[in-house]
Amino acid sequence: MKHNFGAGPCILPQVVFEQAAAAVLDFNGLSILEVSHRHKDFVAVMDEAMDLVKKALNVPSGYSVAFLQGGATLGFTIAALNMMRETKKAGYINTGTWASGAIKEAKKVGVEVNVFASSEEKGFTYIPKNYVAPTDVDYIHFTSNNTIYGTQFKECPKTQLPLVCDMSSDIFSKEINVSEYDLIYAGAQKNLGPAGATLYIVKDEVLGKSTSPFMPTYLDLKQQVEKESMLNTPPVFSVYVAMLNLRDLLATGGVKAMEVKNNTKAKLLYDEIDASPAFRGAVETEDRSNMNVTFLLNDESGSAEFDDLWKSAGIVGLPGHRSVGGYRASMYNALPIESVQVLVDVMKEFARRG
Ligand SMILES: Cc1ncc(COP(=O)(O)O)c(C=O)c1O
């Protein structure tokens, strides 16, 4: 048995893999891979997927849901284009690679970016606090969970301005208050489904207000929402599997129960990191992520031995991101606590050998 600690694409519930596999062979007499996206059976899937997102996150009325392509990377551009108003300025918090990517893409479409808070000077090992968010900008953008570094916002930035969030790596992992945001976007391939779809949750009053002189049809959330994510061929399989996964999430207690499970998994691993003489956490304790746990060996010379141990235990996906090194245990929703226990046991065994 494998224990998948990969950062994404990542583990999904086994039952979802089984249902998805069955639909590849027979969805409605045809494979889900060959069915027309305009067929009523797939339109029903898209409708249910959007509805389940609303149910899972208690999305209030006045918000719409869309599934697009392009990943969260295209989301960087879509967010900037759709949220740009009179000032064409925006405030961004820089907490690492993905936030930096969002900043770069916003600038490319003509947004003047004010990076009013950043943790760059300490290698993105903490979440900036005690900042003053600008008030002379069109919107504020942040990345709720920093997949590479293992830091996570515990609450969203306080601002009166429209708030935009890249929630790619912690959406559906805990309860959120959608009404605090004007736009949320997230690549599917962590807690939602296989790569291919990108989720957008947008306040309706935001739609159609862009001041960008350049707005390709595909990138216009107003048109995407009006066409119910069917402006062109949607990522059919990814949306289908996301729908199955959301059904499973809701049937097993929803986001509230998932949050409890994720807190338990994170505590188990962080307690071991803190207690062990062999390891140390890579980021500020108070800003630790429940999704991506980053840690380092106290003595790097033991890395080959540790790597052998976790690999023989069936663990995969543990090395840290190539840009930071160390180790990263990604513990998305579907990762069972038993897998975390296997990792903890391996860490104990490694420390015991000294
Ligand atoms: C927080 C965050 N934002 C953006 C991205 C980029 O997502 P995509 O590969 O879907 O473009 C990632 C990928 O891991 C991510 O973790």
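Predicted model: local features only at pLDDT ≥ 70, side-chain atom pairs only at ≥ 80, totals over all residues.

Me: Nice. And which residue is the bridge partner of phenylalanine 279 in β12?
Reply: That would be leucine 297.

Me: What order do the strands of that sheet come in?
Reply: The order is β11-β12-β14, an open sheet of 3 strands with antiparallel pairing. At the edges sit β11 (279–281) and β14 (327–330), each of which pairs on one side only. From one strand to the next, the twist averages 35°.

Me: Switching topic: what are the domains?
Reply: The domain assignment gives domain 1 as 14–251 and domain 2 as 253–353. Their centres, taken over C-alpha atoms, are separated by 27 Å. Domain 1 puts 24 residues into the contact, and domain 2 puts in 23.

Me: Which elements supply the domain 1 side?
Reply: β6 (145–146), β7 (151–152) and α6 (236–251) each bring at least two residues to the side that touches domain 2. By type, that side of domain 1 has 9 nonpolar, 11 polar and 4 charged residues.

Me: And the ligand, which helix gives the most to its shell?
Reply: Helix α3 (residues 71–83), with 3 residues. The residues around the ligand include Gly71, Ala72, Thr73, Trp98 and Asp166.

Me: How does the shell divide into nonpolar, polar and charged?
Reply: There are 2 nonpolar residues, 8 polar and 1 charged in the shell around the ligand.

Notes:
Residues numbered from 1 in each chain as written. Near = placed C-beta within 6 Å. Helix = DSSP H or I, 4+ residues; strand = E, 2+ residues; numbered from the N terminus. Nonpolar A, V, L, I, M, F, W, Y, C, P; charged D, E, K, R; others polar. Domains from an automatic or database assignment. Contact = placed C-beta atoms within 7 Å. Pairing = 2+ DSSP bridges. Axes fitted to C-alpha atoms, helices over the stretch in contact; angles between N-to-C directions.
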